[in-house]
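Welcome, and take a moment to look over the model before reading on.

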Amino acid sequence: MKVLVLMGGVSLERDVSLATGREVADALKSVGHEVKAVDTAAGIELPDDLKPQRENLIGRRPPDTKLIAQLDKKQMLTILDLPELNWADVVFLAFHGGSGENGEVQALLDMAGVKYTGSGLLSSALSMNKALSKRLFSVSGIKTPGYLLIRKGAFSENISLQILERFSPPVIIKPNDQGSTVGLTLVEDEALYDQAIEAVYAVSEEMLVEEYIPGRELTVAVLDDSPLPVVEILPKGKLYDYECKYTSGMCEYACPADLPESLAQTLQGLGKQAFDLCQCRGYARVDFRLDLKGRPFCLEVNTLPGMTTTSLVPKAAKASGLSFAELLDKIVKLAL
């Protein structure tokens with residue numbers, strides 16, 4: 001099968017996307033697919049031998065916003081102008097964040113009649129908007145941490161007071177529309193609110209202030225409408241942030257998570273329920289916090305989760321008996 005892997009782009013998760021795209025391309029080739037890989041920020045096809053370029057691709061922090069802006073200005077081709085699009089039987093979307101995950105690229109491909117992996121326009125847009133998806137969770141009986149959404153246009157000197165009226169530290173302050181914990185801060189002292197607020201508004205127009213749930217970090221991947229084994233994330237520090245995710249040795253993982261069978265099944269059921277609520281298709285990952293009383297709280301749905309050999313969805317797939325290459329092959333076939 002002819003598979004076009006689209007990666008990179010101009011989001012703040014560009015580095016993670018390039019790592020995903022390279023590993024996806026290599027794995028799909030290993031099971032017999034004919035693969036072309038394109039970094040859409042440059043509009044160029046990447047060389048066949050991607051392995052030597054993969055090491056140290058993801059830094060300890062997201063790319064600088066000025067670099068992303070420069071890439072955006074240099075981007076001369078739109079997705080639909082790519083000549084490889086007519087060549088491919090299916091497009092594997094290896095984007096993370098930005099227009100690659102929020103439904104914009106999906107809308108373009110839908111208009112062009114091109115088959116692609118993962119969720120469609122509506123699901124992608126809904127899942128990327130954390131506040132909107134949390135509203136759906138709440139009305140559908142899925143517990144989610146309490147939250148406050150504050151748009152940048154509403155910014156004032158009293159914004160910290162608005163937060164304190166609703167929450168007491170610690171709280172999570174993060175962008176409403178970013179992934180990979182870009183711009184996320186665990187604020188344990190109200191004196192640090194301004195710094196956290198500034199970090200959010202540097203990358204987003206909307207800030208989500210969220211109740212912090214002490215406890216365990218868990219995630220449920222859903223593949224072909226079936227939940228995979230629960231993965232527990234065990235960061236060495238307090239927070240599973242960007243640096244922790246992408247710095248060797250700062251986090252460990254357990255899959256299947258050490259949970260009573262009934263609780264694992266409850267989490268899997270909630271993961272599938274959230275997947276269906278957001279009208280996801282193919283595959284996605286649903287993130288949870290498990291509080292100290294053993295109650296799960298749904299955080300968000302990731303429609304294009306990380307997809308390297310060490311990412312969370314491949315870990316869950318491996319625990320269910322699927323190799324990395326087999327997982328990707330199945331995702332491609334689901335798209336068709």
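## The chain as a whole

What share of the contacts in the protein chain with a separation of 6 or more comes from residues 24 or more positions apart? The share is 69%, where a contact means heavy atoms within 4.5 Å.

This is a predicted model, in which local features need pLDDT of at least 70 and side-chain atom pairs count only at pLDDT 80 or more, while totals for chains, interfaces and linings use all residues. Residues are numbered from 1 along each chain as its sequence is written, and side-chain values use heavy atoms, with hydrogens and water left out.

The protein chain has 14 helices and 14 strands (DSSP runs: H or I of at least four residues for helices, E of at least two for strands, numbered from the N terminus). Of its 336 residues, 52% are buried, meaning under 20% relative accessible area with a 1.4 Å probe, protein chains only.

## Helix α6 and its buried side

In helix α6 (residues 104–112), the buried residues are Val105, Gln106 and Leu109. They span an arc of only 100 degrees around the axis, so they lie on the same side of α6 (the arc is taken from the directions from the helix axis to the C-beta atoms). Their packing partners are α4 (84–87), β4 (90–93), α5 (98–101) and α7. Just after α6, Gly113 has a positive phi of about 70 degrees.

## Where α7 meets α8

Helix α7 (residues 121–128) packs with helix α8 (residues 130–139) at an angle of about 95 degrees, their axes 5 Å apart (axes are lines fitted to C-alpha atoms over the stretch in contact, and angles run from 0 to 180 degrees between N-to-C directions). That makes α7 roughly perpendicular to α8, a term for angles of 65 to 115 degrees. From α7, Leu126, Ser127 and Met128 make the contact, with Lys130, Leu132, Ser133 and Leu136 from α8.

Technical notes: Buried < 20%, exposed > 50% of the residue type's maximum accessible area, 1.4 Å probe, protein only. Parallel < 35°, antiparallel > 145°, perpendicular 65-115°, else oblique.
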